[in-house]
Each structure stands twice: as structure tokens, then as C-alpha cells.
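Hi,

Here is the structure I promised to pass on. Have a look at it first, and my notes follow below.

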Amino acid sequence: PLDKLRIAKLRRDLRSCHPAMLLRGDDLTTAEALVERGFSPAMIERFFRPLVGGIQLDPDLTASRRMFDIIFRTLADGGAGVPAQGMQALSDQIASQLPAATVHLDSPVAEVGPGRVRTIDGRTVTAGSVVVACEGPAAVELLGADRLGVAEVRSRPVGCVWFAADRAPTNSRMVVLDGAASGPVLNVAVMSNVAPEYAPSGRHLVAAAMPGHVEGDLVGAARRQLRGWWGTQVDAWEHLRTHRIVHGQPDQSPPLRPRRRVALGDGMYVCGDHRDTASIQGALHSGRRTAEAVLADRSTAAGTIGQRTDPTPADITDGRHP
């Protein structure tokens, strides 16, 4: 009961202040912050570790308490969802607004520089502005640590095993947490309970997430653990795919310093969640900051600076853009 009261107080405290304030003040690890707030070891191990550790790919809760505060406030403010047509629908929607032949697929980049991009097949593309929008380690490789202002972008890895089941192990749309620390699977979601489009008619899609684990027999480990949850029905599940993602998220251990510089000079820019917060929201916010920087620089170059009607980067840290 006391932990439930502390949850209510945490929710109230995080929702009662402006989101920008969550990124200020002393920074601790998430585990230290939860202890500081008085949560019991059982609450931390059985609830926060499998839930927040799954969201942040951080089973040891070593990430910044600032990032935890943002995530917990976001969960408290509204519901969570997924696109019915999958995450690819986000980029498809953006691409659909572009002129034909704008997007070049299967074109790995070998080198970038002011006004130019060279692909590994020797082609050179020229442009007035060059934006490097990719994961952190690739950005460091393309732009160099000195230009980015960071020696490296450390990674949080994650493995995920996907199963097809004729019968769902649970009818709930809730995330099922490993509250007993029984294995590498930190949480499980029956995605077809949330979005039926994710599975063929009459079947169910089960995702078993393993933050921190990308090596070894992930399928066997997942079956053994989940057999203890739901019995022998797990043996009949069809293994569909195993994802081993070395760079699942940028590491955001304390002290967390989001809003890193996106304009690098000479018409060069960089964006991605490694410049803001490790999240889809952070990536979108970084992209918006970068677009504004490009437009501002072009206006300056053209000598047509006028009164801004859109929010400046300093104004964007609001409830929708933490």
C-alpha cells in the first residue's frame, strides 16, 4: 500500500511541473532516484525494473533519472499505441509527401562533407545543406567525434524473439512483466491483442523482449522462461524471427545532456535521438530542431530574416516535445 501511495505522489509531482523542468537539477541513476523516493526493494525489482528497464533497455536501472521522469510522465499523461500498419507507416507517411525519386534506397553512404554526399558505389550527390540523420555510432563514423562534440555514442543492446501462437497466452493488452527475475525476458506483449493487423486471422503475435541480451540461444532461453509462465503451450508456438539489435538505443546514463548541437557549420547538420532523448519522441524533436536550423541558416544566407511565427528550439520543450 505504501508503494502505491508513492506511485500516486510520483505521478502527481511529475505532472504538476513544466516538462522542461524534468531535465534540470541534480541527476542520479534511476535506481538511486527510486530509492531516494522511498520505494521498497520489492517494488523496484518486481515493477520498475521489468517495466522501465524494458522501455529504456536498461535492466540494471542505471540510466538517468531525468529520462525516467520524462517516460513516467508520458505514461501518466496518456495511452500508448502502435501504428496498425507497423512502425514503417511513420516513414512511409513522410515519404509519401515527397516528390517522386527523392528517396534513394539501398544507397549506403561512404562519406559526407559540406555540400556533398558520396555513396559507396562512387556516386556524389550535391546539396546546399547536408543532414546526417542516423543512429549515433554511424553519425560519429561519418562526421567524426570532434565535429559532433562526443568521443562516441555508447549503445544499449536488445534482443527480441517473435512467436506466432494459435491461442493467446493472455487476452490482456497489458505488458506482462517478469517480476520474479526468472530469465533474460524482461517483459512480453501479445501484440495482436493491441493491433490485430499484426498477425494473420486466427493467430496471435507474441513479442518477448530481452534488453541487454543479443548473444546466444535467445529462442531456447525465451521458451524455457515462458514455459514457467504459461506451461507447455509455449512449446507449440512457432518461432518467426529473432532480432539482435546491438544499438537499440543510445546510452543515457547520468548526467543526461539532451538538446545537443544540431548545426555543425558549413551547411552540415546532424539529428537523431542521440542528440536529444533516447526515444521516438526525441528523434522527432531533434529532427524538428534541425529543420528549423536549416531554414534559419538559409534565411540568413538569403538576407531575408523575418519575424518567426513558429516556436524557436528553446520553446519546443513542452508536453508534446520533451
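**What Ile 7 touches, and the rest**

Leaving out residues up to four places away in sequence, Ile 7 touches Phe 39, Met 43, Phe 47, Phe 48 and Phe 72. Before you read on, keep in mind that this is a predicted model.

Ile 7 also turns up in the largest nonpolar core, which has 18 residues. Ile 7 is among those with the most contacts inside that core, along with Leu 10, Leu 34, Phe 39, Phe 48, Phe 68 and Phe 72. Helices α1 (2-15), α3 and α4 each supply at least two residues of this core, and the largest share, 5 residues, comes from α4. Another core lies apart from this one; its 17 residues include Val 188, Val 190, Val 219 and Val 234. As background, nonpolar side chains in soluble globular proteins tend to be buried together.

Next, the rings. The structure holds 8 aromatic pairs. One of them joins Phe 48 and Phe 68, edge-to-face, at 5.9 Å centre to centre and with 70° between the planes. Phe 48 sits in helix α3 (residues 41-55) and Phe 68 in helix α4 (residues 65-77), so this pair ties together parts that are 20 residues apart in sequence.

Trp 237 is buried at 4% relative accessibility. Trp 230 has a relative accessible area of 19% and is also buried, because the cut-off for that word is under 20%. Back among the phenylalanines, ring pairs link Phe 39, Phe 47, Phe 48, Phe 68 and Phe 72 into a cluster.

On to the strands. An open sheet is formed by 3 strands in the order β1-β2-β3, with antiparallel pairing. The edges are β1 (109-113) and β3 (124-126); each has a single partner strand, so one side of each is left without a neighbour in the sheet. On average, and with direction ignored, neighbouring strands here are turned by 15° against each other. Between β1 and β2 (residues 116-119) there are 4 bridges, and the two run antiparallel. Gly 113 stands opposite Arg 116 in β2.

- Gly 179 is in the loop between β6 (176-177) and β7 (187-190). Its relative accessible area is 27%, so Gly 179 is partly exposed. Which residues does Gly 179 contact, leaving aside its neighbours within four places in sequence? They are Glu 45 and Arg 46. Gly 179 and Arg 46 are 133 residues apart in sequence, yet 3.9 Å apart in space, C-alpha to C-alpha.
- Val 82 is in the loop between α4 and α5 (88-95). With 32% relative accessibility, Val 82 counts as partly exposed. Not counting residues up to four places away in sequence, Val 82 touches Met 191, Val 194, Ala 195 and Tyr 198. From Val 82 to Met 191 is 109 residues in sequence and 9.1 Å in space, C-alpha to C-alpha.

Cheers

Technical notes. Residues numbered from 1 in each chain as written. Predicted model: local features only at pLDDT ≥ 70, side-chain atom pairs only at ≥ 80, totals over all residues. Heavy atoms only, no water. Phe/Tyr/Trp six-rings, centres within 6.5 Å; stacked < 30°, edge-to-face > 60°. Buried < 20%, exposed > 50% of the residue type's maximum accessible area, 1.4 Å probe, protein only. Pairing = 2+ DSSP bridges. Axes fitted to C-alpha atoms, helices over the stretch in contact; angles between N-to-C directions. Core = buried A, V, L, I, M, F, W, Y, C linked by side-chain atoms within 4.5 Å. Contact = heavy atoms within 4.5 Å.
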